[in-house]
Amino acid sequence: MTSDAIVPTPRRRAMWTFPACIAAVLGLIGAAAVPVSAATSESAVIVPASRPALRNAADAVVKAGAVGQLSRADDGRRVTQAAAGRADRATGRPLRSNDQFEIGSNTKTMIATIALQLVAEGKLHLDDSVRKLLPGTIPASSGGNAITLRMLLQHTSGLYSYTDPAFMTAVIAHPRAHYRPEQLVAAALKHPLTFAPGTGWAYSDTNYIVVGMILQRVTGRTPADLIRDRIARPLGLRHTYLVTGAASDTGPGYAHGYMGTFTGPPTQPTIHYTDVSTWALGSFAGTAGAVVSTAPELSRFLSALLGGRLLPPAQLAAMKTTVSAGAGTGIDYGLGILRTDTPCGTVWGHTGSTFGHDSYMFGSADGHRTLIIDTTTDTELNAQSPGSNPIKDAMATAEGTASLTAACAMFDEPVPAS
C-alpha cells in the first residue's frame, strides 16, 4: 500500500447527478427495500483527439484523487474517447481508452442476456421457481418455493446480499481466498429475507450468483464458457471474459484497480491506494460482477443488445419491463438492465463497482448511441461519509460531472449550465 497527499480544491456540487451517479453506483440504494410498481454504430468514426469537455472531465476526476479515468461516447456518427491518469502506479504507464478493466455489476446485464436467450430457446421459464431450477439450494423458509427466475433477475426476490460489510472486510483481509458459489449463497441465507418475494425491490448480488448456478445446471456449461460462446465470440469481443480466479488474460493493456482509503483528520485526509488487480475477483464476485472488458467492446455488446441482435423482441421487451428502484432514485430496473433520465436524454444500461473500479455502461433505447466510463479508484469502503472528507467529496462531484458530460456527448447535446 502506498499513499499520496492530495490537497482538495473547492468544487461545485451541482453536477453530482445522473442521477446521483446512479445512486453511487447502486451502492446507496442496495440496502433499501422499496415497493414494486410494474412498469454504437459499427460505422461511427473514432475521433483521435477527444472533445475538450470529455477530456477535461476525465482530468478533473484524476485531479480530485482517482488514479485514472477513461470514457467513450458514441453519438451514432462519431466516437469520442478520453483517458487521463495512469493504468499502473508502479510503472507509471498511462491509462489508454481501450485498456481492459473490471466491469463489476455490468456483468449482470450479460448474465441476464444469457438467461433470456435460454428462455427464448424454451430451456428456462421466467416464472419457474428456484426450488424447481435448483432443488435444495434455497429452503422454503428462505423463499425457495416462491422466488422465481424473474425475481432473481429483477432484484425482487428479497434475498439478502452476501456482499455486506462483514464479507467485504473478509475479502480485504484475504483477497486471494477461494469461494464457491454455494458458499456465497450460504452466507446470504444466514440472514432473513429483506421482504417477501415479489413484494419489494432491493439490489442483491446473491440474486446473480444464484442465476449463474441455474445457467450452469441447465446447460451443463460454466458461466465463463457461456459468456465466451454466447456473447464474446458472436460479437467479436476478443478482450471480454468472465474471470474465474484472478484476472489473467489482460490483453494489450490492463487498467489496474485501486482501493482508496483515508487516514488523518477528516478536514485534511491522506488517501492511500491499494492495487487490487491480483485479487481473486472471479471467486468473490463471480456471476454478480467478475467480467473484464474494454470500453469499445462494452459499447459493442450494449449496442447489439439494445438493437435486438442478442435477444428476440419478446425477451428484449421482458428485459426492459421495469419496476421502481425507489422514490427519489430516478431509477427503474428491468431484468439485468436499468433505465434512468439524464438532462440530455433517457438511457438504458447498468453500472459496476469493484474494490478498485467504478464503471458505467449506458445507451439510447435503440442502441445507436452508447457511453462507457471507468474510474480506476473506488473509495466507498472508507467509513468517512460524503461531506466529511474533501477528497472523497471532490471525487464524487468530478465523477458526477464526467458521467453527465459523457451522457450529453452521447446525445450530441451540450452539458446543461446547471
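Mentor: The second largest pocket holds about 400 Å³ of space. The model is predicted: local features need pLDDT of at least 70, side-chain atom pairs count only at pLDDT 80 or more, and totals for chains, interfaces and linings use all residues. Numbering runs from 1 along each chain as its sequence is written, and side-chain values use heavy atoms, without hydrogens or water.

A pocket is an open set of points on a 1 Å grid over the protein atoms alone, with protein on both sides within 12 Å along at least five of seven lines; a cavity is a set where a 1.4 Å probe fits but cannot get out; lining residues have an atom within 4 Å of a point. Volume is the space filled by probe spheres set on the points, which are joined across faces, edges and corners.

The pocket has 21 lining residues. Pro181, Gln216, Pro223, Gly282 and Gly286 lie nearest its centre. H7, H8, H9 and helix H10 (281-284) each give two or more residues to the lining. (Helices, H or I of at least four residues, and strands, E of at least two, are DSSP runs numbered from the N terminus.) H8 gives the largest share, four residues. By class, the lining has 10 nonpolar, nine polar and two charged residues. Here Ala, Val, Leu, Ile, Met, Phe, Trp, Tyr, Cys and Pro count as nonpolar, Asp, Glu, Lys and Arg as charged, and the others, Gly among them, as polar.

H8 is largely enclosed by the rest of the structure, because 11 of its 15 residues are buried. Buried means under 20% relative accessible area, with a 1.4 Å probe and protein chains only. The buried residues of H8 include Asp205, Tyr208, Val211 and Leu215. Gly212 and Met213 are buried too.

What do they pack against? The partners are helices H3 (107-120), H4 (130-133), H5 (149-154), H7 (181-189) and H9 (223-235), plus strand E14 (331-333). Contact means heavy atoms within 4.5 Å.

Gly220 follows H8, and its phi is positive, near 75 degrees.

Note on methods: Buried means under 20% relative accessible area, exposed over 50%, partly exposed in between (1.4 Å probe, protein chains only).
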